[in-house]
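Biologist: Could you walk me through this protein, and show me how each label gets decided?

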Amino acid sequence: MIGNKTSLQSQVCIDLPPNVHSQGIIAGLNKNGPGMNFSLPVLETQIILIFAVTQAFHLILKKFGIPKFTSEILEDGYSLRPFKAFKKDIFPHDSRAILEVLGEIGYELFLFLVGVRMDLELIRRSGRKVFFTGILCLLAPLITGMVLQKQLMSMTSVFMLTKDQISKLPYTTTSYCMTSSPVIVLLLEELNILNSEIGRLAVAASSISELFGTLVIWFSTVLYRMAKVKPVHESLLVFGAVVGGILVFLFIFRPIMFWIIRQTPQNNPVKKSYVSAIIVVMLFVTIVSHYYGHTFHFMIFILGLSVPAGQPLGSTLEELFHIFISQVLLPIYVTAYTMKADFRLVDFSDPATIITAILFVFIFLAKLIGTMVAPLYYKIPLNDAFVLALILSSKGLVQVSVYTRFKDDQTASDSIFALTLASIVVTATLVPLIVKRLYDPAKKYTAYGRRDIMHLKPNAELKILACIHRSGNIPAVINLLDAACPSKENPIDIYVLHLMELIGRSSPVFIIHQMQQKSISNAYSDNVVLYFNEFVRENLGAVTLNIFTAISRPKYMQEDICRSASFVASGRSFSVAVIFFGGQDDREALTFAKRMASDSMISLTVIRVVAKNNVTGGEWDKILDTEMLKEFKHSQKGEDFAIFVEVAVKDGPETTVLLKSIVDEHDLIIVGRRFQVECPQTAGLTKWSDFPELGTVGDLLASPDLNCKASILVIKHQQQMT
C-alpha cells in the first residue's frame with residue numbers, strides 16, 4: 001500500500017478472465033451470493049440501484065428547490081456509501097472500471113447531442129450585446145485568475161509550492177473560468193425560464209463563451225502539454241490532426257448533413273440508413289481521437305456541431321438518444337465519478353489547496369462583474385444583469401467531467417478535487433435559489449392599463465392573439481376570426497403565433513415573419529402564412545395581420561403566448577351559446593359573444609345559471625351582471641339578436657345535467673374561465689377537474705364524460721394591477 005498526506009492508493013487483485021454470466025441461484029449458495037461474483041449481474045444491480053435512488057432522492061429534494069444535478073451528486077456520492085459498507089459485493093473495486101466505461105459512453109453521447117442542439121446560426125445572428133456578454137464572461141475571470149495566480153505563486157514565503165504543483169495549477173484555474181452551454185440550458189430548464197428574455201440571452205451568450213473558450217483554451221492546452229512530453233513535430237502533428245478534423249466536419253461532413261435533409265421529404269422521418277451512418281462516423285471519430293493522443297470529448301462535440309440543429313435531422317438524433325442518456329447513462333456517470341470524491345480530504349494545510357480556494361472566490365466574483373458590464377452598457381436593468389451573471393457563473397456536469405479527468409491524470413490532488421467538487425455543489429445549489437428569489441419573468445406581462453373587450457371604445461380595433469399548434473387548427477381559428485365580424489368600422493388586429501415543439505436544439509427560436517427572418521423550412525409555417533394572408537385579402541381594410549413562429553418546449557410555451565382557444569365550425573351559419581354564471585370573466589365572454597352576434601348568420605343564446613338560494617357573488621358583481629344582461633333579458637326569438645334563458649340550479653350535479661342537455665344544440669359554447677371561483681352552481685365539481693387551467697365549467701365541457709360535440713371557447717378577463 002502506498003500513501004501520502006492527501007491521497008491513498010491500494011492494490012486490488014482481479015480474476016482474469018472475468019466471469020460474466022451467473023450460474024444461477026443454486027450455484028451461488030456456496031459463494032458470497034447468487035450472481036455477485038459475476039460482472040453482468042453486478043452491473044445490472046448497480047444500474048437498478050443508481051436509477052432507483054436517483055429518482056427517489058430527486059422527488060424529495062426538488063420540493064426544497066434543489067436542482068436535479070445537485071441531488072445526483074449528493075445522493076450518488078453519499079447515499080450509496082451505506083450500500084458499499086453493508087454489501088461490499090454491490091460496488092466491488094473490479095466493477096468500477098465497467099461502470100466508468102458505461103458512464104463515459106453516456107457522456108460521449110451527451111456531448112454529441114449538445115453539439116447537435118447548439119445552433120451555429122444563433123451565434124452568427126447574435127448582436128453586440130450577446131457577443132460581448134459571452135466574451136467578457138470568459139475573459140474577465142480568465143485574466144483575473146491568471147494575474148492573481150501569478151501573484152500568489154510569487155509569494156514563496158507564504159505559499160511554498162513544488163514545481164509539480166506550479167505546473168499543474170493553471171489547468172484548474174483555467175477550467176474554472178469556463179462557461180458550459182449544456183449546464184446553462186439544464187439550469188434554465190430547472191428554473192422554467194428557458195424562454196424568458198434572460199433565458200434566451202443566457203443561452204446565446206453561453207454558446208458564444210463556450211465555443212470561443214473551448215477553441216482557445218483547448219488548443220493552447222494541447223500545444224503546451226504535447227510540447228512537454230513529446231517532440232515538437234509530434235505536437236504539431238496532433239495539432240494539425242485536430243484542425244484538419246474540424247475543417248473536415250465543417251466543410252465536408254456538414255454539407256453532407258444538409259444533403260440528407262434535402263433528401264428527406266417534409267414531415268417525414270429521416271431514413272434509418274442515414275442515422276446509422278452518422279452513428280458509425282461518431283464511433284470512428286472517437287477511435288481516431290484516441291489514436292492521436294486525445295480523449296474523444298472535444299472532437300465528438302465538434303462532430304455534433306456539424307449536424308444542423310432542429311428538424312428533421314437534429315430532432316431525430318435527439319429522440320433516439322435523449323431519454324436513455326439523461327435518465328440512465330448520465331446518472332451512472334455522475335455516480336461513478338462522485339464516488340471518487342470525499343469532502344473530508346480537503347486539506348487547507350496544503351498551499352496548493354489554499355491558493356485554489358482563493359482563486360475560485362476571486363474568479364467567481366470577476367465572472368459576475370465582467371458578465372454584468374455589457375448588459376448594463378446596453379441598458380438592461382441592474383437586477384436582470386445580476387441574475388444573468390449568476391446564471392452564466394453556474395457549474396455542473398461538464399465541470400465534474402473536467403476535474404475528474406484532472407484527478408485521473410494526477411493534475412489535481414485528492415484535496416483539490418474534493419474542493420472543486422464542493423465548489424460545484426455550492427454554486428449549483430445556491431444559484432438556482434437566488435435566481436428564483438430575484439427574477440420573475442411574469443412581471444413584464446403585468447398589465448396596469450385597461451385592455452379588455454367590455455371597455456373597448458366604439459369602432460376601436462380589437463386585438464386578438466391566435467395560437468396555432470398544428471395545421472388542422474388553421475381553418476378553426478380563421479372561422480372564429482371571421483365570426484368576430486371584422487369590418488372597416490370594427491377592425492381587428494390579429495397576432496398569429498405558430499407553436500412548434502423544440503426538439504434537436506438547445507435554444508428556443510422566435511421568428512417574426514414580417515421581417516422576413518430566415519428560419520427552418522417548415523410546411524406548417526408556410527401554410528399559416530398562406531392561409532392568413534388570404535384571410536386578410538378577403539377582409540381588406542378590416543384586418544391587420546402579424547405572424548410569428550415560436551419553437552420551444554411545450555412546458556415553456558406560456559412564455560410565448562397567452563392562453564387561447566379555438567373552435568371548429570361547420571359552415572358559416574352556426575349557433576353560439578354563452579353560459580353565464582356571473583363575474584368579470586363571464587361578462588368579458590358575453591361582450592365578445594355580443595360582437596359576434598352582429599353577424600346575421602350567427603344565432604346567439606345566453607343561458608344564465610343562477611343558484612336557487614340566490615346567494616352567488618358579491619353585491620357589486622350582481623349589479624354589474626344585471627346591467628350587462630339588461631339588453632338580453634327582453635330579447636325574443638326571431639325579433640332581436642339573441643335569446644335569453646335563465647335556469648336555477650341547486651349545486652354542481654344539477655349544473656352538469658343542464659350542460660349535458662344543451663351541448664348538442666350549439667356549434668360553439670363560450671364560458672368565462674372563473675379560475676378558482678367558488679359558487680353554489682359549481683359546488684363539488686372542482687375536485688374532479690382534469691384541466692383546472694380551463695376553469696371549472698370549461699373543464700367540465702371539455703371532459704369526455706360530457707361527450708360535448710360543440711367547440712369550447714374559454715375567455716379570461718384581464719387581471720389589472722393597481
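What follows is a chat about the sheet, its helices and the nonpolar cores.

Modeller: Keep in mind that this is a predicted model. The chain has 24 helices and 11 strands, and buried residues make up 52% of its 722 residues.

Biologist: What is the order of the strands, and why is one side of β9 and of β11 left without a neighbour?

Modeller: The open sheet has five strands, in the order β9-β8-β7-β10-β11. β9 (642-649) and β11 (711-715) stand at the edges with a single partner strand each, so one side of each has no neighbour in the sheet. From one strand to the next, the twist averages 20°.

Biologist: Why is the crossover from β10 to β11 called right-handed?

Modeller: Picture the strands pointing away from you: if the path from the first strand over the helix to the second runs clockwise, the crossover is right-handed. Here the chain goes from β10 through helix α24 (residues 695-702) to β11, and this β-α-β crossover is right-handed, so that path runs clockwise.

Biologist: Which helices pack on the sheet or lie across its strands?

Modeller: Helix α21 (residues 584-596) packs on the sheet and touches β7, β8 (602-611), β10 and β11. Its direction makes about 145° with that of β10. Helix α23 (residues 652-662) lies across β7, β8 and β9, at about 150° to β9.

Biologist: What makes β10 "mostly covered"?

Modeller: A residue is buried when its relative accessible area is under 20%. Five of the five residues in β10 are buried, so each of them is under that cut-off. In a regular strand the side chains alternate between the two faces of the sheet. In β10, L668, I670 and G672 are buried on one side, and I669 and V671 on the other. β8 is mostly covered too, with nine of its 10 residues buried.

Biologist: Now the inside. What makes a group of residues a nonpolar core?

Modeller: The members must be buried, come from a set of residue types such as Leu, Val and Phe, and be joined through side-chain atoms within 4.5 Å. The largest core has 80 residues, and F110, F112, L303, V307, L317, I325 and L397 have the most contacts inside it. Helix α14 (residues 313-338) gives the most to this core, with 11 residues. L303 touches F112, F249, F253, V281, M282 and V285, leaving aside residues up to four places away in sequence. Apart from that core lies another, of 44 residues, including L545, F574, F632 and I715.

Key:
Residues numbered from 1 in each chain as written. Predicted model: local features only at pLDDT ≥ 70, side-chain atom pairs only at ≥ 80, totals over all residues. Heavy atoms only, no water. Pairing = 2+ DSSP bridges. Helix = DSSP H or I, 4+ residues; strand = E, 2+ residues; numbered from the N terminus. Axes fitted to C-alpha atoms, helices over the stretch in contact; angles between N-to-C directions. Contact = heavy atoms within 4.5 Å. Buried < 20%, exposed > 50% of the residue type's maximum accessible area, 1.4 Å probe, protein only.
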